[in-house]
Amino acid sequence: DPKISLKFNNKIPGYSRFDEIKTYELDLTYSERFGGDGNKLKLPAAYTRCIIDCLCGDQSLFVRGDELRESWKIVTPFLHKLENEN
């Protein structure tokens with residue numbers, strides 16, 4: 001079942017001392033978060049959503065060629081600098 005889980009340490013709220021730490025977990029289990037109304041959550045297979053977007057003409061998840069070229073113009077000098085430093 002797909003999920004995102006994060007554990008973190010937190011000071012107990014209120015007048016507790018700073019050495020009174022408790023571990024908390026943030027759990028975003030997809031089936032519980034988005035399918036909790038009794039309906040079975042149906043997640044598409046890995047590339048199904050992407051293929052559907054392509055067929056419907058939705059390009060919001062894709063980069064245009066000119067955008068990609070401009071991005072590399074910005075990033076390439078930094079990569080060269082890192083390469084020369086090592």
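Student: How far apart are the end C-alpha atoms of helix 3, and what span should its 21 residues give?
Tutor: In this predicted model, the end C-alpha atoms of helix 3 are 30 Å apart, and this agrees with expectation because 21 residues at 1.5 Å a residue should span 30 Å.

Student: Where does helix 3 bend, and by about how many degrees?
Tutor: The bend is at Val75 and amounts to about 35 degrees, with a proline, Pro77, following within four residues.

Student: Which residues make up the nonpolar patch on the surface?
Tutor: The patch is formed by Val63, Leu68, Trp72, Ile74, Val75, Phe78, Leu79 and Leu82, and together these residues have about 820 Å² of accessible area.

Student: Switching to charges, how many salt bridges does a search of the whole structure find?
Tutor: The search finds four, and one of them joins Lys3 to Asp27, with the closest N and O atoms 3.8 Å apart. Since Lys3 lies in strand 1 (residues 3-11) and Asp27 in strand 2, this pair ties together parts that are 24 residues apart in sequence.

Student: What are the relative accessible areas of Lys3 and Asp27?
Tutor: Lys3 is partly exposed at 44%, and Asp27 is likewise partly exposed, at 34%. The side chain of Asp27 also makes a polar contact with the side chain of Thr29, at 2.8 Å; Thr29 is found in strand 2 (residues 21-29) and counts as buried because its relative accessibility is 9%.

Student: Which residue pairs with Lys73 in a salt bridge?
Tutor: The partner of Lys73 is Glu70, at 3.1 Å from N to O, and both residues lie in helix 3, three residues apart, which is about one turn of the helix. Lys73 is exposed, with a relative accessible area of 56%, whereas Glu70 counts as partly exposed at 42%.

Student: And where does Arg64 sit, and which residue does it bridge to?
Tutor: Arg64 is in the loop between helix 2 (48-55) and helix 3 (65-85), and it forms a salt bridge with Asp66, the closest N and O atoms being 3.1 Å apart. Arg64 counts as exposed because its relative accessibility is 51%, while Asp66 is partly exposed at 37%.

Conventions. Residues are numbered from 1 along each chain as its sequence is written. This is a predicted model: local features need pLDDT of at least 70, side-chain atom pairs count only at pLDDT 80 or more; totals for chains, interfaces and linings use all residues. Side-chain values use heavy atoms; hydrogens and water are left out. Helices (H or I, at least four residues) and strands (E, at least two) are DSSP runs, numbered from the N terminus. Buried means under 20% relative accessible area, exposed over 50%, partly exposed in between (1.4 Å probe, protein chains only). The expected span of a helix is 1.5 Å times one less than its number of residues. The bend at a residue is the angle between axes fitted to the seven residues ending there and the seven starting there. Patches are made of residues with over 30% relative accessible area and no salt bridge: like charges are joined within 9 Å, nonpolar side chains (Val, Leu, Ile, Met, Phe, Trp, Tyr) within 5 Å. Accessible areas come from the Shrake-Rupley method with a 1.4 Å probe; for residues, only the protein chains shown count as cover. A salt bridge is a side-chain nitrogen of Lys or Arg within 4 Å of a carboxyl oxygen of Asp or Glu. A polar contact is a pair of N or O atoms within 3.5 Å; within protein, one must be able to donate a hydrogen and the other to accept it, and residues adjacent in sequence count only if both atoms are side-chain atoms.
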